[in-house]
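The exercises below are meant to be worked with the sequence and the coordinates open side by side. Each task is followed by a solution that goes step by step.

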Amino acid sequence: MRRTKTCVCAILAAVCLFATACSDQLYLENAATPLALGMDLDKNDKFHFYGTVPVFSKNIRKKSQEIAGTAESLRQSRSFQDAQTAGTIQGRNYQVILLGRRLLQHDDWFAMLDVLFRDARNTITDRMIAVDGSVTDVIYLNPPDQPLLPILLRGMVDTKTKRSETYSTTAQELHRQFFDKGVTPYIAEIKIVNKQVQLKGSALLDAKGKYAMSLNAQETILLNLLQKQADPGYSLSFHIPDKPIKPPFETDMFSFTGGKPKTKIKTGYENGKFKFDIHIKTKIGLSEHLFPFNVAQDAKSLEKQASALMEKQIEELIQKMQRHKVDPIGLGVYARAKKYKQYIKVEEDWPEAFSHAEVNVKVKLSISAMGPVK
Amino acid sequence: MTNEQNGKEKPEPGEVIRLSLDENLTILRKLFSDTPDLFIRTFTIKQTQEQAALLFIDGLSDQQAINNDVLRPLQVPTEAGKPGDELMMNVGHIVEESCWSQIEISILHGSSVLLVDGRDKAYALGTGGWPQRAIEDPQMEASLKGAHQGFVETSGQNIAMMRRYIPNRELKMRRLIVGRRGQTNVTLVYLEDVMNPKLLQSLEERIQKVDVDVILNTGELSELIEDNPYSLFPQFVLTERPDSAASQILQGRCVVIVDRSPSALVAPVSFYSYFQSIDDYSTRWSIATFLRLLRLFAFITAAFLPAFFIAVTSFHIEIIPLKLLITLGDSRGQVPFPPFVEAIIMEITLEMLREAGVRLPAPVGQTVGIVGGIVLGQAVVQAGLISNVMVIVVAFTAISSFILPNYDMVAAVRLIRFILMVLASLFGFVGIIVGLMTMIAHLLTLKSLGMPYGSPLAPVRFADWKDTIIRAPLWLLNKRPTGTLAKQDTTQANEKPKEGKP
C-alpha cells in the first residue's frame with residue numbers, strides 16, 4: 001500500500017512540475033531581441049521609437065530589421081514593435097540606446113526610460129548615446145561595409161572609452177548621475193558625417209537632462225583627467241606657440257601619451273563662493289614633435305610649455321562648463337564631502353553655485369620617455 | 001540409518017563418509033547422477049594394498065598433475081606398508097575431509113578427492129586447474145606509468161598480485177563463501193594494524209547477509225551491500241588494477257576480491273576517490289594536481305553543460321554576449337526543434353554510439369566511429385537539423401566524460417545529465433540550481449560503508465585535503481587519510497629532498 005501511495009505521489013508531483021513549468025519559456029529563435037533602441041521627437045514634438053532587430057537566417061542577406069513608430073511611452077510601444085516582427089520583442093539585449101537631439105532639447109525626457117529600470121528583465125547595461133541630428137538617419141543608415149549598427153556603436157563607444165575619448169555611460173550609470181545632485185550627466189555623442197557614423201566625443205547634459213554642450217575627443221580626455229577617470233594611454237596634442245610653421249604642414253605640433261595621472265582636488269569656501277584647487281600630475285611619454293628639439297637637454301622647458309598649454313585648455317573647458325551650468329566633474333560631490341554646511345544650502349541648484357565657483361587648475365607634466373629616435 | 005537400508009536417499013548435510021569404499025561410491029553416484037564430466041578412477045594403492053578411488057571433474061582439474069603427482073606415486077610398487085599409512089603423493093595441498101558436503105564442494109571447485117577403502121577420511125588434493133586467462137593490461141583503467149598487470153578471474157592470482165606489492169605479514173584476509181549454488185570465494189584483504197576493525201566487521205556482516213544463488217561478478221556483490229541502493233552514485237570503487245588495490249589497502253581501506261571476477265571492490269571510499277588515478281602518484285605533483293582539478297571540472301561540464309545550453313537558449317537569452325548571440329541565433333535560426341529536443345536527440349545519439357562502440361568487435365567499431373563522426377559532426381548540421389553550437393556542446397560533454405577515470409562515475413554523470421536537461425527545459429536556471437542543490441544534498445547524506453561520502457570536504461577534514469582535490473608532493477603525505485579511521489596514521493617520515501652536492 002505504502003509503495004503504491006509513494007508511486008502515486010511521485011507521478012502527481014511530476015505532473016505538477018510539468019504543469020507549472022514553461023510559463024515564461026522563450027526560445028532564442030522565437031525572441032526578437034532588438035539590440036538598439038532609439039528615441040526621438042519629430043518636427044511636431046511627437047515621440048518616436050526605433051529599434052534594430054538582428055535577423056537570424058542564412059538566406060536573408062540583410063542582417064537586421066528596423067522597426068519604428070510613434071507611441072506615448074516605451075512599454076506602450078511594445079505592441080507596435082511586436083506587430084512588426086516575427087518574434088516577441090524582448091528588451092533584454094539592448095546594447096545601445098540612441099537619444100535624438102530634439103528629444104534632448106527637452107527637460108525630463110529621462111522619465112521615458114522608466115520601463116528599463118522597473119521591468120527587471122530589461123538590461124540596464126546598455127550604453128547611452130546622444131545623436132547629433134535625428135535618430136532616423138542613424139537607424140536606417142545600414143552601411144554595407146560595417147557590422148550591425150548596435151555592434152558598431154557599442155564597439156565604438158567601449159573601445160574609445162578605454163582611451164578616455166568618450167564615455168560609455170550605461171543606463172544604470174546615467175540613472176545615478178541624474179539622481180546625484182552633485183554631478184550632471186555626461187554621455188557619448190555620435191554624428192552622421194558623409195553617411196558614416198562618427199564619434200563626436202561626449203555630450204554634457206544639465207541637471208534636468210537637457211542637452212547643454214558637446215566636447216570633442218581632446219576635451220573629453222581633459223574632463224576625464226578632472227574626473228580621475230582617465231586611464232593611462234590617453235593621447236593629447238598641442239600647438240607649441242613659438243615653434244616654426246612650414247605650411248601646409250603645421251610643424252608646431254606636439255603630442256604625448258599620458259601615464260597614470262594623479263589628480264588632487266582641494267575644496268574650500270571663501271567669500272560666499274566655493275573654491276576648488278585642482279592639481280594634475282602625470283608622467284608623459286613623447287609620441288611626436290614635428291619641430292626639431294633636443295629633448296634630452298631641454299626637457300624641462302618643453303614640460304613647462306606643455307603644462308601651461310594644458311592648464312589653459314582645462315581652464316577654458318571649466319569656464320565653458322560654468323557658463324552652461326553643468327558640472328560633469330562632480331565637484332559637488334567634493335563640496336558635499338568637505339563643505340557640507342555650505343553645500344546643503346545650494347544643493348538643490350548646485351550647477352548654479354558651481355558656475356560662480358572659483359576653480360584653479362595646476363598641471364605638472366614630466367617627460368619620462370622620448371621615444372627611441374633623436 | 002534409513003539411507004543405508006534403501007540406499008537411494010542422498011546423505012544429510014554433515015553426514016560423514018563410510019568406511020566401505022563401495023558404499024561411498026554408491027552414495028557418490030547418487031549424488032552426482034547425470035554428471036558425465038565427473039571421473040571416478042578406481043585402483044589399488046601399491047604402497048598399502050588398499051582399494052582407492054580418485055574423483056575429479058574433467059576440465060576443472062589439471063590432468064598432468066593428477067597423472068604424475070597422484071596416480072603414478074600411488075601405483076609405483078614400493079616397500080610394503082600397512083593399511084592406514086601415510087600415502088605417498090607429490091601434492092602440496094592436501095586437506096582431509098570426512099563430511100559429504102565438504103567433499104562435494106571440493107570436487108565441484110576443482111580438487112580431486114581420494115577415497116580409500118577402510119579409512120574414515122577422504123583426501124581433497126589441490127590439483128585444480130581450470131581454464132584461465134593470461135594476465136593482461138587492464139582495459140578500463142589503462143595507465144601510462146603504472147604496472148601493466150590487471151586482475152584476472154582467479155582470486156588466488158589476484159591476491160598474489162596484491163601481495164607482491166605488500167609483502168607484509170600484517171596483510172590479512174578473511175575468506176567468506178557467498179551464494180547458495182555458486183559458493184563463491186569472497187576474500188576481504190586488509191592490513192590488520194591499519195584497517196579500522198569496526199569498518200571491517202561491518203563489511204563482513206554485510207557480505208555474510210547476502211543470500212543469493214550465485215555471484216557472477218563483483219558488481220553484483222557491490223549492489224547487494226551498498227548503503228543506498230537507490231542512489232545514482234556508485235558507493236564502492238571497483239578496480240581492476242592490483243597496484244590501485246594495494247594503494248587503497250595501504251590507506252586503510254579494505255579490498256574485496258571475488259573469485260571469478262576480474263575486479264576488486266574497495267571500501268570505504270569517498271566521492272573524490274573516483275577522480276583519482278594511480279598515475280597521479282607517478283607523475284609530478286603539479287601536473288597531477290592539474291589533472292585532478294581538470295577531472296572535477298570535467299565532471300561539472302559533463303553533467304551541466306547541455307542543461308546550461310538549454311536553459312540559456314530557452315529562458316535566459318539576455319545573458320548571451322552580443323557577438324555570441326548573433327552566431328548562436330544564426331545557427332539556431334534554421335533548426336526546426338526547440339533546444340531541449342535538439343539536445344536530447346544529440347545526447348541520445350551520443351549514448352547510442354558509445355554503447356555501440358563498447359559492444360561491437362574492434363573492426364566494426366571503427367565503422368561506428370566514422371559513421372558517428374560524420375553524422376554527428378557534419379551531416380546533421382548541413383541538413384539544418386541540429387545547430388553547430390549544439391554539436392560543440394555534445395562533443396565537449398563527451399570529451400569531459402571520457403577523461404573521468406572511473407566508469408561507474410561516468411555512468412552516474414550520464415544519468416544526471418539527462419535529469420538536469422529536463423529540469424533546465426522546464427525551469428531554466430532555477431531548475432539547474434534546484435538539481436544542483438538536490439545533488440549536493442544527496443552527496444552529503446550518502447555513505448560508503450557508513451563513512452561520509454563527501455569526506456574530506458564535508459565533513460571537513462583538512463588533513464586529507466592534501467591528497468584529494470589536489471595532490472601534494474609525496475614528501476608531504478606522511479599521514480594516512482583520516483577518512484578511513486585508520487588505526488595507524490603515520491606512513492612515512494619524509495622531509496623535503498635537499499639539493500645535492502656531488
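Predicted model: local features only at pLDDT ≥ 70, side-chain atom pairs only at ≥ 80, totals over all residues.

**Exercise 1.** Carry out the analysis for the salt bridge of A:Arg101 with A:Asp132, and then for that of A:Lys62 with A:Glu66.

*Solution.* For A:Arg101 and A:Asp132, the closest N and O atoms are 3.4 Å apart. A:Arg101 sits in helix α3 (residues 101-104) and A:Asp132 in strand β7 (residues 127-132), so this pair ties together parts of chain A that are 31 residues apart in sequence. Both of these residues are buried. For A:Lys62 and A:Glu66, the N to O distance is 2.8 Å; here A:Lys62 is partly exposed at 41% relative accessibility, whereas A:Glu66 is buried at 14%.

**Exercise 2.** Describe the interface of chain A and chain B, starting from the residues in contact and ending with its salt bridge.

*Solution.* First take the contacts, in which 25 residues of chain A meet 25 residues of chain B. Then take the area: the two chains bury about 2200 Å² between them, with 65% of it on carbon and sulfur atoms. On the side of chain A, A:Leu28, A:Glu29 and A:Phe56 lose the most area, together 27% of what that side buries. Last, the one salt bridge found across the interface joins B:Glu318 and A:Arg92 at 2.7 Å, N to O.

**Exercise 3.** Characterise helix α11 of chain B by its span, its packing and the salt-bridge network that includes B:Glu347.

*Solution.* The helix, residues 339-359, has 21 residues and reaches 30 Å from its first C-alpha to its last, close to the 30 Å expected. Its buried residues, among them B:Pro339, B:Glu347 and B:Glu351, pack against α9, α10, α12, α13 and α14 of chain B. Turning to charge, a network of salt bridges links B:Glu347, B:Glu351, B:Glu355, B:Arg359, B:Arg414 and B:Arg417.

Terms used: Residues numbered from 1 in each chain as written. Chains lettered and ligands numbered in written order. Heavy atoms only, no water. Helix = DSSP H or I, 4+ residues; strand = E, 2+ residues; numbered from the N terminus. Expected span 1.5 Å × (residues − 1). Buried < 20%, exposed > 50% of the residue type's maximum accessible area, 1.4 Å probe, protein only. Contact = heavy atoms within 4.5 Å. Buried area = accessible area lost by both parts, 1.4 Å probe. Salt bridge = Lys/Arg side-chain N within 4 Å of Asp/Glu carboxyl O.
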